[in-house]
Structure formats: C-alpha cells, structure tokens
Amino acid sequence: MNDEIAAEEVVTESVNDAAVYKELSLQGLWKNNPGIVQLLGLCPLLAVTNTLTNALGLGLATLFVVISSNILISLIRHHVPKAIRIPVFVMIIASLVSCIQLLMNAYTYQLYLSLGIFIPLIVTNCMIIGRAEAFASKNNVKHSAFDGLMMGLGFTAVLVLLGASREILAQGTLFDGIETLLGDWAGFMTVTLYNTETSFLLAALPPGAFIIMGLIIALKNTIDNKITNK
C-alpha cells in the first residue's frame, strides 16, 4: 500500500512538473516574451542587431547570464534578507557579466569590439533582474533554471529575427562576420542572398530597427488575435 501511494505521488509530481515546464516555455517564448511583449532590454535590442552575428553573440551572452543568475539566486533565496535582496541580485548579475566580458575579450575579441558597451550593459537589462525578483527568488533551482532558459531563448530569438531582417535588408547577407563568434572555420557559413553596391542605410540604423521591431510586434499580435478568434 505504501509503495502504491509513493508511486502515485511520483506520477503526480511528474505531471505537475510537466505542466510547469510547459507553462514556463509558453511564457518565455511567446505569451510573455521579454522582447516583444514586455519590451525589456530595448537599448541593446535595437542598437547592436545590425547583423545576425552581433545579435546572436549578445543573445548567447544574455542567455548565459539569465540562466546562471536564476540558479544562483534560487540557491541563496532563503539566506538573503529581503531588505538587501536587490543589491545582492545586482552584484551576482554584475559578476556574471564580468565573466562573460572577460571571456569574450579573450576568445571573441572582434565580436567583443563590435558589441562594445552593450556587453557590460547586460547588467542593467530589466529582464534579468526582473526574473530574479519575480521568479528565481521564489522558486526552486530546476524551475528557476528552466525559466531563465526560456526567457533567455525568447529574448535571443527576437534578437536573431531582428538581426537577420536588418542584415538581409541592409547588406543582402546572412551570418556576415560569423567567424568573429565561432572562429575562422565558420567563414563558409556566410550567405549572400543578393549583391548590392549600396546598402539600405535605414535598415542598418536604429530607426530601421524601430520600424522592423514594430512589424514583428504587429505580426505577433495578429497571430494572437487569430488564435483567440478560433
């Protein structure tokens, strides 16, 4: 009898976990996407996404920071007094960003130069401190890590989509400069979709990023409305 009860509890826990992971995935990737729903981190989102490579590099750096900070904050959540929790969270995030900055300086120096000030500015990304305060400080490690993964992937997906759109319109290429992220061996990944003597300057500049970002948000809202109507 005890074995049967224990087995039922394990099944119930597994079902509950599956539901939690499903909801976290939907929230991070679509329903509450930090880039196109919460509109967080817009400064780097619009400034450095002039190429897909830059967008992917910043997205991966942000992904690492949000997952790592969620895990660490979840681990210490019972040991940090509420009065100083925000300074502690910021210190953890700043330490992780410093690690990323040093690693990129050492191994992807050209990309490090391209992203410039927007690498240390990851510290001020409201999405990261928001997930730390709203979720990681209140939930266990595995759920916090998964929440960070989904929110980070959602943010990275928006960066990549915006970066790809701007690079195609401005230069007619994809993955230009990918060797600065992955190394010299990745040079073959650069794709030329069309040749142009002069680039489409509007797409390469921040005003073009605003316009394309607005179109992406409009597309998401249209899809949501169609799903709701059905």
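Start with W30, which sits in helix α1. With a relative accessible area of 30%, W30 is partly exposed, because that label covers values between 20% and 50%. Keep in mind that this is a predicted model.

Together with L29, L153, L219, I223 and I227, W30 makes a nonpolar surface patch of about 510 Å². Two helices, α1 (2–31) and α10, each give two or more residues to this patch. The top contributor is α10, with 3 residues.

So let's follow α10 itself. This helix runs over residues 206–229, 24 residues in total, and at 1.5 Å a residue it should span 34 Å. Its end C-alpha atoms are 35 Å apart, which agrees.

Now hop over to the loop between α5 (109–115) and α6 (126–134), where you'll find N125. Is N125 buried or exposed? Its relative accessibility is 6%, so N125 counts as buried. Leaving aside neighbours within four places in sequence, N125 is in contact with G41, T62 and F155.

Last, the cysteines. C126 is partly exposed, with a relative accessible area of 44%, and C99 is partly exposed too, at 42%. Why doesn't the sulfur of C126 form a bond with the closest cysteine sulfur? That sulfur belongs to C43 and is 11 Å away, too far for a bond. The count of disulfides comes to 0.

Definitions and conventions:
Residues numbered from 1 in each chain as written. Predicted model: local features only at pLDDT ≥ 70, side-chain atom pairs only at ≥ 80, totals over all residues. Heavy atoms only, no water. Helix = DSSP H or I, 4+ residues; strand = E, 2+ residues; numbered from the N terminus. Expected span 1.5 Å × (residues − 1). Disulfide = S-S within 2.5 Å. Buried < 20%, exposed > 50% of the residue type's maximum accessible area, 1.4 Å probe, protein only. Contact = heavy atoms within 4.5 Å. Patch = residues over 30% accessible without salt bridge, like charges linked within 9 Å, V, L, I, M, F, W, Y side chains within 5 Å. Areas by Shrake-Rupley, 256 points an atom, 1.4 Å probe, with all protein chains shown as cover. Salt bridge = Lys/Arg side-chain N within 4 Å of Asp/Glu carboxyl O.
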